[in-house]
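Here is a short report on a single chain. Look over the sequence and the model, then read on.

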Amino acid sequence: MNFLNRLHPLGLLVLRLALGAVMIAHGYQKVFGGMPQFMQMLQHMGIPAWMAYLTVAAEFGGGILLVAGFLTRIAAIAIFLDMAVAISKVHLQHGLFSKNGGFEFPMVCGAIAFSLIWSGAGPIAMDWLWGSKGGR
């Protein structure tokens with residue numbers, strides 16, 4: 001088990017990179033071409049259109065921060081909240097499965113973000129270099 005414990009930083013890196021890549025891709029779609037449609041969708045759901053900018057900041061900006069391992073916990077909180085809203089306002093009514101528009105994908109993204117809130121970036125990250133050693 002000691003061997004597996006030494007690989008813990010690699011596990012955190014993989015979580016950060018996977019979630020970061022997914023969030024960057026989703027945010028990119030909104031920033032470069034889909035923002036007007038996204039703002040209209042939010043308004044249709046009774047959410048103020050300006051909240052689209054917070055969503056983009058969480059997804060695109062938060063994804064970039066996760067990949068870099070910089071301000072990881074803050075980025076993870078933003079992504080977790082973004083996924084919680086997406087589940088409650090868009091996906092929950094469609095059930096679990098993504099093929100039906102369900103919440104399984106945002107749930108998994110939210111769960112990864114939730115774990116990064118508590119674990120931090122790990123030692124393979126800019127956070128570690130800047131002195132936020134995760135309480136170790």
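What pattern does the chain follow, read along the sequence? The chain follows α-α-α-α-α-α.

## Basis of the report

This is a predicted model: local features need pLDDT of at least 70, side-chain atom pairs count only at pLDDT 80 or more, and totals for chains, interfaces and linings use all residues. Residues are numbered from 1 along each chain as its sequence is written, and side-chain values use heavy atoms, with hydrogens and water left out.

## Overall fold

The chain has 6 helices and 0 strands. Both kinds of element are DSSP runs, numbered from the N terminus: helices are H or I with at least four residues, strands are E with at least two. The radius of gyration is 16 Å, close to the 14 Å that the globule rule gives for 136 residues, so the chain is as compact as a globular protein of that length. That radius is taken over C-alpha atoms, and the globule rule is 2.2 Å times the number of residues to the power 0.38. Along the principal axes, the C-alpha atoms fill a box of roughly 50 × 30 × 20 Å.

Contact means heavy atoms within 4.5 Å. Of the contacts with a separation of 6 or more, 65% join residues 24 or more positions apart.

## Surface and charge

Of the 136 residues, 35% are buried. Buried means under 20% relative accessible area, exposed means over 50%, and partly exposed lies in between (1.4 Å probe, protein chains only). The accessible surface of the chain comes to about 8,100 Å². Carbon and sulfur atoms hold 72% of that surface. Areas come from the Shrake-Rupley method with a 1.4 Å probe; for residues, only the protein chains shown count as cover.

The chain carries 8 positive and 4 negative charges, and their mean positions are 9 Å apart. Lys and Arg count as positive, Asp and Glu as negative; His and the chain ends are not counted. Each charge is placed at NZ of Lys, CZ of Arg, CG of Asp or CD of Glu.

## Helix α4

Helix α4 spans residues 72-91. Its buried residues are Thr-72, Ala-75, Ala-76, Ile-79, Asp-82, Met-83, Ala-86 and Ile-87. They sit on the same side of α4, because they cover an arc of only 135 degrees around the axis. The arc is that of the directions from the helix axis to the C-beta atoms. What covers these residues? The cover includes α2 (8-44), α3 (51-68), α5 (104-119) and α6 (126-129).

## Asp-82 and Thr-55

Asp-82 lies in α4 and is buried at 11% relative accessibility. Beyond its neighbours within four places in sequence, Asp-82 contacts Thr-55, Ala-58 and Glu-59. Phe-32 is 50 residues from Asp-82 along the chain, and their C-alpha atoms are separated by 19 Å.

Thr-55 belongs to helix α3. It is buried too, at 12% relative accessibility. Not counting residues up to four places away in sequence, Thr-55 touches Lys-30, Phe-38 and Asp-82.

Leaving aside neighbours within four places, Val-90 contacts Met-45 and Val-85. Pro-106 is 16 residues away in sequence and 10 Å away in space, C-alpha to C-alpha, from Val-90.

Leu-71 is in the loop between α3 and α4. Its phi is near 55 degrees, a positive value in a residue other than glycine. Leu-71 counts as partly exposed, at 37% relative accessibility.
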